[in-house]
Amino acid sequence: MTRFHAAHSLTEALALLHEETDTRPMAGGTDILVRMRRSPPAVPLTLIGIEGVPELQGIREEPSWLSIGAATPFAAIAASPLIAAHAPLLQDAARAVGAPAIRNMATLGGNLCTASPAGDSLPPLYVLDAEVELASKAGRRRMAVSDFILGPGETQLEPGEILCRVLVPHAPPIARCQFEKVGRRRSLAIAVASFAGLLRVDGAGRIAGARFAFGSVGPAAVTVPEAEALLRGQLAVQPDPAAVERAVLAVCATVRPIDDLRASASYRRALAGNLLRRFLSPPSSPGLNAATGHASHG
Amino acid sequence: MSTDIEFELNGKPVRIATPETRRAIDLLREDLHLTGSKEGCGAGECGACAVLIGDEIRLACLMLAGQLAGRRVTTIEGLPHSALGARLLRAFAEAGAVQCGYCIPGMEMAAFDLLRREPDPSRERIREALSGNLCRCTGYVKIVDAVRLAAAGDAGPESPPDGAAA
Ligand SMILES: Cc1cc2nc3c(=O)[nH]c(=O)nc-3n(C[C@H](O)[C@H](O)[C@H](O)COP(=O)(O)OP(=O)(O)OC[C@H]3O[C@@H](n4cnc5c(N)ncnc54)[C@H](O)[C@@H]3O)c2cc1C
């Protein structure tokens, strides 16, 4: 039989995690409760409820970064003017999670700690160079989101540790960004593939920095530094088609998708390339591949 | 191991001894005999167990009894207590939105949540708000009609643009 304790402060949550054996934090419960029902744990677990811990809530602008409490639900991220101003990619991802009731429960920290290859927040946080702050009774540590996530269901989180905040560093202005999630339907769909991309430009409108990350096409979000480098110096509004094709090829060669019931590996590979091509091609340009079409209702 | 849990249920205080890990849906249906909330999938995918926790729509199959402590819980049984809730339930009947009925309490909770915040939503907004609620009988059209009918300033059901699921 599992037990549940609601913590009311971070100190209390850390003490509870530390004192008892076989404890797990529970934020919104939308992953852990589904998982425990599907495969009941071999040993009784004590769940430490952290959704009511004030230190883990809220979105604040601080001198070096935007700070997002780990237990902030996606509904709050979707509605936040600060997120709209500083991290629109994350806002679009938050709006794509589940459906309204799920977004009221599911938290950003839970999404990261679950470390699903399909986690919607991951591609935006990778391209925004976001960091996580972890706390335990021993103290705090910080690392890049891309280092925190090790693979499906695996993170750097140690027993007794809590993810406290996600930090999105202030960075040079972004000229254009886009989040795309391709699923079988618009709501309650796990991504077949997802994409977050952003471009920074110099005074002449040339790409000074391009960042892309892809979800659901590898064990964690996949970045392709080679493709990013290939686009440097290109006109942001009209990059050389040959450079775009080289970048697309680099993406297709780098992603490591699997076959599953939602899509085949080869479909996902083509999709990843097409998502990048569509991001880089001006909206009016013809010849977009049909495979990137948004899944429609139903 | 049972603990006494206190919360407000449909406007009235309740106190009940229950294991803190009991699912909220079981507490409501089995222990408190409020069987209006339904369990469809038990995994957050269908919305049949939707309830209001405070002012938020949530799923009772993915909440533990311990999470209800000190909260305000509204189930479908509490909807007729408000003018909007009563109007909404009537609109579902008038629009013929109900077939087998299993998904309807969850639909009505999600629609109630929307109409409280947005008294006059477009069909598109309604479909978005109900996008976490599955119905396997209707084509959703009459359900959207019902919410429009209940909405303030409505002039009657519009002709539906298409019959696809939200
Ligand atoms: C119907 C449904 C639809 C969904 N749709 C989507 C979707 O579209 N996109 C998507 O990305 N996900 C989706 N999910 C998955 C899930 O909702 C998200 O991953 C969510 O962000 C998890 O957050 P949570 O707070 O509910 O996590 P929980 O279930 O509370 O926790 C998940 C894991 O993280 C750990 N944990 C949580 N918070 C912390 C913390 N602060 N510190 C340390 N450990 C912590 C827990 O111990 C647990 O192992 C869906 C789930 C359901 C049930």
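Guide: The expected span of a helix is 1.5 Å times one less than its number of residues. The model shown here is predicted.

Visitor: What distance does helix α3 of chain B reach from its first C-alpha to its last?
Guide: Helix α3(B) covers residues 83-94, which gives 12 residues. At 1.5 Å a residue, the expected value is 16 Å, and the helix comes close to this. From first C-alpha to last, α3(B) reaches 16 Å.

Visitor: Within what arc do the buried residues of α3(B) fall, seen down the axis?
Guide: Buried here means under 20% relative accessible area. L84(B), G85(B), L88(B), A91(B) and F92(B) are the buried residues in α3(B). They line one face of the helix, because seen down its axis they fall within an arc of 125°.

Visitor: Which exposed residues does the face of α3(B) turned away from the buried side carry?
Guide: The cover over the buried residues includes α4 (104-117) and α6 (141-150) of chain B. The face turned away from the buried side carries the exposed residues A83(B), A93(B) and E94(B).

Visitor: How much of the ligand's accessible area does the protein cover?
Guide: The ligand lies between chains A and B. One of its oxygen atoms is 2.7 Å from a backbone N or O atom of G28(A), and a nitrogen atom of the ligand is 2.7 Å from a polar side-chain atom of D120(A). Of the 980 Å² that the ligand has on its own, the protein covers 93%.

Visitor: Which element gives the largest share of the shell around the ligand?
Guide: Elements of chain A that give two or more residues are β2 (23-26), α2 (32-38), α7 (108-114) and β10 (162-169). The largest share, four residues, comes from α7(A).

How values were computed. Residues numbered from 1 in each chain as written. Chains lettered and ligands numbered in written order. Predicted model: local features only at pLDDT ≥ 70, side-chain atom pairs only at ≥ 80, totals over all residues. Heavy atoms only, no water. Buried < 20%, exposed > 50% of the residue type's maximum accessible area, 1.4 Å probe, protein only. Arc of directions from axis to C-beta. Contact = heavy atoms within 4.5 Å. Near = heavy atom within 4 Å. Polar contact = N/O pair within 3.5 Å; in protein donor to acceptor, adjacent residues only side chain to side chain. Areas by Shrake-Rupley, 256 points an atom, 1.4 Å probe, with all protein chains shown as cover.
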